[in-house]
Amino acid sequence: MTDAAADVAKRDRVWFVGGGILLIVSVLVGASIGPAGPDWWRVPLELLDRLPLVSLDSGVTDPQWNIVWKIRMPRVILGALVGGMLSIAGAGYQGVFRNPLVDPYLLGAASGAGLGATIAIVVRGGALNDWPVNPVPAIAFVFAVITVMTTYVVGAAFGGSRTGATLVLAGVAVVSFTSAMQTFVLRRNLDLINEVFEWILGSLAGATWGDVRLSAPYVVICSIVLILHRRHLDVFRVGDDEAATLGVSIGRTRLVIVVAATLGTAAVVSVSGLIGFVGLVVPHVVRLVAGSRNKRVLPLSLMGGASFLVLADVPGRILESPAETPIGVVTAFLGAPFFIYLLRTRRISG
């Protein structure tokens, strides 16, 4: 290994360690703050006390610990999974389409999940009312996957597997169609519009360890697939024709990356609702501070997105206590100004 390569590897380790520390701190903050439960400074002490060979008197009672472990911690872990998956999926989409202004919802995962959730909420009052489990996440996941598959089939029919722009245009058409269908269903069920909008705005309230177990395998597997394709994403930056001359199978590689990003996005959206701007903003911040090499961008987006959403969930819990501000509203307040800033800087640089 040359000195330059060793220096790059050292800087990579520094960035990854920094991202890991930020994630740990975010989890501690998220688990420590809430409208009920023990004082915030007692929670880290109690977590340390539960480690092997460590004994501390945190002063946390069993009922208080139940609030932390059964209510706050599943919410924090789920927030980390959702934020991390949306961010790394956004980085994957931006790389494979060579457009830094796209997000994980580009090909219809959000609109499909929204349509599925709307139908599930409408039907749940009748045929699905007696289900032992909540059917909304499952149906939202299925519709999200079907919508993206439809987008890919339509785009591929017109060369989208070889040209990213065609696939994006197909996504615009399919998203418009599913959004129209959702509006059609809502117009005929106005009494359920508040419940549907609550889901659409996104929320981590009511998160359980079951939600974590449901989404974690998708997040782990899809993130690994995306990280293993980091070099392909770097090659895509030079253009499809140039990437093909370097031996990259454009259609197959794009399909694998899109499928991994879509499955992960559909899995987390089905349990959290639609949370915007995470997959757009976080990868951009990572590129601004750590460079554009996907060897850094993908893992740091995963850790940065997890940290961002965990911390963004904290204001939502306490601003309107005992009511909650939907986390999608918080991320929009933070993400929209940054998106405008990106548009301005791109116009100036262009």
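What volume does the second largest pocket have? In this predicted model, the second largest pocket has a volume of about 360 Å³. Of the 18 residues that line this second largest pocket, those closest to its centre are Leu 22, Val 282, Val 285, Val 286 and Gly 304.

Four helices, namely helix 1 (3-32), helix 12 (278-290), helix 13 (294-318) and helix 14 (327-349), each give at least two residues to the lining of the second largest pocket, and helix 13 provides the largest share of that lining, with six residues.

The largest pocket, for its part, has a volume of about 480 Å³. It is lined by 23 residues, of which Asn 134, Pro 137, Trp 199, Ala 205 and Val 271 are the closest to its centre. Helix 4 (109-124), helix 5 (135-157), helix 7 (193-201), helix 8 (209-228) and helix 11 (250-272) each contribute at least two residues to the lining of the largest pocket.

| Pocket | Volume | Lining by class |
|---|---|---|
| Largest pocket | about 480 Å³ | 12 nonpolar, seven polar and four charged residues |
| Second largest pocket | about 360 Å³ | 13 nonpolar, five polar and no charged residues |

As the table shows, the lining of the largest pocket includes four charged residues, whereas the lining of the second largest pocket has no charged residues.

Along its principal axes, the C-alpha trace of the chain spans about 65 × 65 × 40 Å. Why does the radius of gyration of the chain, 21 Å, agree with that of a compact globule? A compact globule with 350 residues would have a radius of gyration near 20 Å, and the chain agrees with this because its own radius of gyration is 21 Å.

The way the chain is packed can also be described by burial, contacts and surface. Buried residues account for 47% of the 350 residues in the chain. When contacts between residues at least 6 apart in sequence are considered, 77% of them join residues that are at least 24 apart.

Note on methods. Residues numbered from 1 in each chain as written. Predicted model: local features only at pLDDT ≥ 70, side-chain atom pairs only at ≥ 80, totals over all residues. Heavy atoms only, no water. 1 Å grid on protein atoms, 1.4 Å probe; cavity = no way out; pocket = protein on both sides within 12 Å on 5 of 7 lines; lining within 4 Å. Points joined across faces, edges and corners; volume = space filled by probe spheres on them. Nonpolar A, V, L, I, M, F, W, Y, C, P; charged D, E, K, R; others polar. Rg over C-alpha atoms; globule rule 2.2 N^0.38 Å. Buried < 20%, exposed > 50% of the residue type's maximum accessible area, 1.4 Å probe, protein only. Contact = heavy atoms within 4.5 Å.
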